[in-house]
Amino acid sequence: MKKAIFTILLVAVAGIFSLNAQVTGKWKTIDDETGQAKSIVEIYEQNGKIYGKVVEILNPAKKQAKCTKCKGADKDKPIDGLVIIKGLTKDGDEYTDGDILDPNKGKLYSCTIKLDGKDKLNVRGYLGFSLLGRTQVWHRVN
């Protein structure tokens with residue numbers, strides 16, 4: 001009987017912690033080509049939508065980089081401080097219907113993000129269909 005109560009209590013506590021897991025916060029991005037940590041992106045909520053802004057570039061040689069290949073209002077803006085995730089809305093256990101900017105290529109992609117546990121974030125950028133894209137795993141920064 002004690003084991004059953006303990007198991008139920010453990011499941012309830014785990015459920016509470018998983019509900020408290022948030023996509024908001026600071027996340028470390030990893031370069032697909034080199035496997036090196038690239039930047040810190042802060043994900044935040046504004047007016048019911050999710051956004052992500054580069055708050056630190058980890059490579060000292062690229063700290064002053066600008067978004068030279070970007071179009072529109074982001075053209076030639078410093079990458080440090082640039083909002084790269086725009087307008088995601090919650091859809092079940094993921095966030096969808098927004099965009100992500102690749103400042104190195106200057107390209108805008110459709111985006112979805114989804115927590116994988118409390119400290120990993122799957123960030124998917126794609127053109128057209130979600131199947132035609134790629135996913136990066138970002139790691140929470142404490």
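**Note on an eight-stranded barrel model**

1. Asp76 has a relative accessibility of 40% and therefore counts as partly exposed (buried means under 20% relative accessible area, exposed over 50%, and partly exposed in between, with a 1.4 Å probe and protein chains only). Asp76 lies in the loop between β3 and β4. Its phi is near 65°, a positive value in a residue other than glycine.

2. The model is predicted: local features need pLDDT of at least 70, side-chain atom pairs count only at pLDDT 80 or more, and totals for chains, interfaces and linings use all residues. Residues are numbered from 1 along each chain as its sequence is written, and side-chain values use heavy atoms, with hydrogens and water left out.

3. The protein chain holds one helix and eight strands (DSSP runs numbered from the N terminus, with H or I over at least four residues for helices and E over at least two for strands). Along the sequence they follow the pattern α-β-β-β-β-β-β-β-β. Of the 142 residues, 28% count as buried. The accessible surface comes to about 9,400 Å², and carbon and sulfur atoms account for 56% of this surface (Shrake-Rupley method, 1.4 Å probe; for residues, only the protein chains shown count as cover).

4. The eight strands close into a barrel in the order β1-β2-β3-β4-β5-β6-β7-β8, with antiparallel pairing (two strands pair if DSSP finds at least two bridges between them). From one strand to the next, the twist averages 30° (axes are lines fitted to C-alpha atoms, for helices over the stretch in contact, and angles run from 0 to 180 degrees between N-to-C directions). In general, strands of a sheet pair through backbone hydrogen bonds, either parallel or antiparallel.

5. Strand β1 (residues 25–30) and strand β8 (residues 133–141) pair in the antiparallel sense over three bridges. Within this pairing, Trp27 has Arg140 of β8 as its bridge partner. The β7–β8 hairpin has six residues between its strands, and Gly128 in the turn shows a positive phi of about 75°.

6. Strands β5 and β6 run antiparallel and are joined by seven bridges, with Leu108 in β6 as the bridge partner of Leu101. Strand β5 also contains Asp97, whose phi is positive, at about 60°, although Asp97 is not a glycine. With a relative accessibility of 66%, Asp97 counts as exposed.

7. The largest nonpolar core has 23 residues, and those with the most contacts inside it are Ile43, Ile84, Ile113, Leu121 and Trp138 (such a core is a set of buried Ala, Val, Leu, Ile, Met, Phe, Trp, Tyr and Cys residues joined through side-chain atoms within 4.5 Å). At least two residues of this core come from each of β2 (37–46), β3 (49–57), β4 (83–91), β5 (94–102), β6 (107–115) and β7 (120–126). In soluble globular proteins, nonpolar side chains tend to be buried together.

8. Which residues does Trp138 contact, leaving aside its neighbours within four places in sequence? They are Trp27, Lys28, Thr29, Val41, Ile43, Ile84, Ile85, Ile100, Asp119, Lys120, Leu121 and Val123 (contact means heavy atoms within 4.5 Å). For the protein chain, among contacts between residues at least 6 apart in sequence, 35% join residues at least 24 apart.

9. Thr112 is found in strand β6 and is buried, with a relative accessible area of 13%. Neighbours within four places in sequence aside, Thr112 is in contact with Tyr95, Thr96, Asn122, Val123, Arg124 and Tyr126. Asp91, in strand β4, is partly exposed, with a relative accessible area of 46%. The C-alpha atoms of Asp91 and Thr112 are separated by 9.7 Å, and the two residues are 21 apart along the chain.

10. The structure holds one aromatic pair (rings of Phe, Tyr and Trp, the last by its six-membered ring, pair if their centres lie within 6.5 Å; planes under 30 degrees apart count as stacked, over 60 as edge-to-face and the rest as tilted). The pair is stacked, because the rings of Tyr44 and Tyr51 have their centres 5.9 Å apart and their planes at 20°. Tyr44 is partly exposed, with a relative accessible area of 23%.
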